[in-house]
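Hi,

Here is the structure I promised to pass on.

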Amino acid sequence: MQNENYFKISFPSRSVNEAFARMTVSAFCMQFDPTIEQLNDIKTAVSEAVTNCVVHAYPDTTGVVYITARLKNDTLTITIKDNGIGIADISQAMQPMFTTDIKSERAGLGFAVMLSFMDKVKVYSKQNKGTRVVMTKKLG
Amino acid sequence: MTKAEFIQDKSKLTVLLCGEIDHHGARQVRGEIDNRILKYMPRLVVMDFSHVTFMDSSGIGLVLARSRFCTDCGATLYVENVDRQMSKILSLAGIKTIQNSNI
């Protein structure tokens with residue numbers, strides 16, 4: 001199919017890679033002619049998910065973050081995965097203003113941003129195994 | 001690269017933020033902003049986002065923490081020149097902004 005494409009990348013969970021991740025996903029999306037607003041929404045959602053990996057999945061170590069993006073039938077699916085500490089209570093973690101990171105200035109709105117900027121967000125997590133965030137958005 | 005430039009005008013301190021504000025970038029500028037507020041002790045602090053090219057929810061943390069810091073220092077904080085995308089993010093935390101004002 002002509003209108004089907006994907007890419008996979010992995011990189012260390014260093015905060016400097018947050019920009020690299022959202023720009024890479026954004027560059028991939030360009031070929032599907034998104035609006036500027038759609039592109040900004042996707043960049044922001046990716047930035048939130050990758051920041052979660054950097055801050056929460058690997059709090060005291062540097063681990064690997066995996067991103068897969070796939071476009072099929074005008075729907076973009078982005079999967080952001082880590083092998084970090086996992087989330088104890090997913091529904092609590094997804095609540096606006098909830099954060100376990102009180103010492104820095106995290107607002108606890110990462111998942112709220114993902115949910116409001118993407119069409120669907122699903123979170124799968126196992127403690128001490130890792131977390132997978134799957135987000136979809138219809139383009140065009 | 002995230003940077004902050006400062007313009008001091010009597011009792012008003014304008015913080016001109018430049019570049020991308022994410023978790024990485026916010027950490028680079030927050031200490032510097034607080035130091036300037038402590039140094040000048042302004043009555044009004046304006047965070048100007050006109051030179052910001054990207055912002056995620058780290059911008060909310062940056063604004064809310066500066067707002068608390070300003071209150072502690074007896075100053076008022078305004079957020080200025082945010083675009084539609086930033087406004088969408090800031091509104092998730094109930095932060096109201098001023099568009100192109102001349103305070």
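You'll find A:Asp33 in the loop between α1 and α2 of chain A. Its phi is near 55°, a positive value in a residue other than glycine. For context, most residues other than glycine have a negative phi. Do keep in mind that this is a predicted model.

A:Asn73 sits in the loop between β2 (64-72) and β3 (75-82) of chain A, and counts as exposed with 9 C-beta neighbours inside 10 Å.

The axes of α1(A) and α2(A) come within 8 Å and cross at roughly 145°, and the crossing is right-handed. From α1(A), the residues that meet α2(A) are A:Glu18, A:Ala21, A:Arg22, A:Val25, A:Ser26 and A:Cys29. On the α2(A) side they are A:Leu39, A:Ile42, A:Lys43, A:Val46, A:Ser47, A:Val50, A:Thr51 and A:Val54. Sorted by type, the residues of this contact are eight nonpolar, three polar and three charged.

Now for chain B. Its secondary structure comes to three helices and four strands, and along the sequence they follow the pattern β-β-α-β-α-β-α. The C-alpha trace spans about 30 × 25 × 20 Å along its principal axes. Is chain B compact or extended? A compact globule of 103 residues would have a radius of gyration near 13 Å, and the 12 Å of chain B agrees with that. Buried residues make up 39% of the 103 residues in chain B. Among its contacts between residues at least 6 apart in sequence, 70% join residues at least 24 apart.

The part of chain B I'd look at next is helix α3 (residues 84-92). Which of its residues are buried? They are B:Gln85, B:Met86, B:Ile89 and B:Leu90. Seen down the axis of α3(B), these buried residues fall within an arc of 130°, so they line one face of the helix. An α-helix has 3.6 residues a turn, so residues three or four places apart point the same way. The cover over the buried residues of α3(B) comes from both chains, and includes α2 and α4 of chain A along with β3 (44-55) and α2 (58-72) of chain B. Just after α3(B), B:Gly94 takes a positive phi of about 75°.

As for how α2(B) and α3(B) pack, their axes come within 9 Å and cross at roughly 65°, in a right-handed crossing. B:Gly59, B:Ile60 and B:Val63 of α2(B) make this contact with B:Met86, B:Ile89 and B:Leu90 of α3(B). Five of the residues in the contact are nonpolar, one is polar and none is charged.

Last, where the chains meet. The contact takes 20 residues from chain A and 18 residues from chain B. On the chain A side, the elements that give two or more residues are α1 (17-29), α2 (36-57) and α4 (110-117). Of these, α2(A) gives the most, with eight residues. The chain A side as a whole divides into eight nonpolar, seven polar and five charged residues.

Cheers

Conventions:
Residues numbered from 1 in each chain as written. Chains lettered and ligands numbered in written order. Predicted model: local features only at pLDDT ≥ 70, side-chain atom pairs only at ≥ 80, totals over all residues. Contact = placed C-beta atoms within 7 Å. Nonpolar A, V, L, I, M, F, W, Y, C, P; charged D, E, K, R; others polar. Buried ≥ 20, exposed ≤ 12 C-beta atoms within 10 Å, placed from the backbone. Arc of directions from axis to C-beta. Axes fitted to C-alpha atoms, helices over the stretch in contact; angles between N-to-C directions. Left-handed = near helix turned anticlockwise from the far one by under 90°. Rg over C-alpha atoms; globule rule 2.2 N^0.38 Å.
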